[in-house]
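Please look over the structure below before reading the questions and answers.

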There are 2 protein chains.
Amino acid sequence: MLRTTAQLLQRQGFHATGLKQILDESGAPRGSLYFHFPGGKEQLAVEALHETTARIGRAIERTLSGHKRPQDAVRAFVHGYGEVLRRSNFVEGCPVATVTLDSAAASEPIRAACSAAYTHWHGQLRDGFVAAGLRSNRADELATFALAAVEGALILSRAHHDTHAFDVVADQLAALIHAAVDSPRPARRGPRRH
Amino acid sequence: MLRTTAQLLQRQGFHATGLKQILDESGAPRGSLYFHFPGGKEQLAVEALHETTARIGRAIERTLSGHKRPQDAVRAFVHGYGEVLRRSNFVEGCPVATVTLDSAAASEPIRAACSAAYTHWHGQLRDGFVAAGLRSNRADELATFALAAVEGALILSRAHHDTHAFDVVADQLAALIHAAVDSPRPARRGPRRH
């Protein structure tokens, strides 16, 4: 039920997603909905966002630990995200992005769940960059920049029905992280050596 | 009526926005809705997106022509966007972003209007960068990267209720554009000189 909810949220947001559609598409019995989620659709959405946060968090972790260089990890992650989107014919993507835009203004529990998702993923990226040798400030800002660019690439790709924005974002972020890994620690904007 | 529609779309998306709410908040008579927009809510949304495309396009134009250096223009635009968001208590932002995520999968006219918006703004940025001396390829990819990063900053800011992502994105984009303006034309990734 949570996975179905997450799929519907990413495709169409919170408002268009009804309990009946969640029950129909998940095949779950109505009784279990009210038993497990007495808070109704809002509670279901919040728990689906938490589940998504953990699931994408595991993917970020796997990608960071599966690559020696953080620029290669970010490139692989961004390309993989674009590929998932393309394979879904540009209807899926990220439930947190859609729900932030359509419901953060109306529901504080939903906004808090979206904020927690971005805080979690940001922390993972920042820690991965620091572990790879980036200065802490630079790791922090590149993690924010990467999250923003990737979620924005999702928007552009869903609008244009192509993954070009993911390709551009992957290349640009990889170049920035590459430069940051290799820049001398004390300099603020040292010359690139590659 | 179009401006009210755009405001509601950016705050809550297409699905949550009803004709009754548009009429109530705009104060327009019901008769004029059906006279001017016989296609109903979808037509109203598409025309509101076109109106937004032109309005934000004029703001991009003004910002580019108001600054000598494109990095200063982009920094000013991104900060201004964050400021608009902050002043609205993080409920407004960009109707194209919200509607792309909640409705591009369900309505081809809406998806096409969102795609046209991003194509228009991308072209303005690219042309502005080229006019400032960037190589055409670099201008093209930086325009895509900038659009993605800015729309992603909107998502992060609406989730966290702060404009930190806009500050980071403004700084990072300004540094990239600065480096691109000053890099020697033929080199693909020349050394930064600043």
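A residue is buried if 20 or more other C-beta atoms lie within 10 Å of its own, exposed if 12 or fewer, and partly exposed in between, with C-beta atoms placed from the backbone. This is a predicted model, in which local features need pLDDT of at least 70, side-chain atom pairs count only at pLDDT 80 or more, and totals for chains, interfaces and linings use all residues. Residues are numbered from 1 along each chain as its sequence is written, and chains are lettered from A and ligands numbered from 1 in the order in which they are written.

Q: Is B:Ala45 buried or exposed?
A: B:Ala45 is found in helix H4 (residues 40-65) of chain B; helices (H or I, at least four residues) and strands (E, at least two) are DSSP runs, numbered from the N terminus. B:Ala45 has 28 C-beta neighbours inside 10 Å, so this residue counts as buried.

Q: Which residues does B:Ala45 touch, not counting residues up to four places away in sequence?
A: Two residues are in contact if their C-beta atoms, placed from the backbone, lie within 7 Å. With residues up to four places away in sequence not counted, B:Ala45 touches B:Thr5, B:Leu9, B:Phe14, B:Val99 and B:Ile110.

Q: How many helices does chain A have?
A: Along the sequence, the pattern of chain A reads α-α-α-α-α-α-α-α-α. Chain A has zero strands, and its helices number nine.

Q: What share of the residues in chain A is buried?
A: The C-alpha trace of chain A spans about 60 × 30 × 30 Å along its principal axes. Of the 194 residues in chain A, the buried ones make up 48%.

Q: How are the two copies related?
A: Copies are superposed by least squares on the C-alpha atoms of residues with pLDDT of at least 70 in both. Chain B is superposed on chain A (RMSD 0.0 Å) by a rotation of 180° with 0.0 Å of shift along its axis. The two copies are therefore related as by a two-fold rotation axis.

Q: Why do the copies meet through the same surface?
A: The contact takes 39 residues from chain B and 39 residues from chain A. The copies meet through the same surface because the interface residues of chain B that are also interface residues in chain A amount to 100%.

Q: Which helix gives the most to the side of chain B that touches chain A?
A: Helices that each supply at least two residues of this side include H1 (2-12), H6 (95-103) and H8 (136-160) of chain B. With 15 residues, the one that gives the most is H8(B).

Q: At roughly what angle do the axes of H8(A) and H8(B) cross?
A: Axes are lines fitted to C-alpha atoms, for helices over the stretch in contact, and angles run from 0 to 180 degrees between N-to-C directions. Angles under 35 degrees count as roughly parallel, over 145 as roughly antiparallel, 65 to 115 as roughly perpendicular and the rest as oblique. The axes of helix H8 (residues 136-160) of chain A and H8(B) come within 6 Å, and they cross at roughly 105°.

Q: Which residues touch the most other members of the largest nonpolar core?
A: A nonpolar core is a set of buried Ala, Val, Leu, Ile, Met, Phe, Trp, Tyr and Cys residues joined through C-beta atoms within 7 Å. Among the residues that A:Val169 touches are B:Phe145 and B:Ala148. In the largest core, of 120 residues, the most other members are touched by A:Ala149, A:Val169, B:Ala149 and B:Val169.
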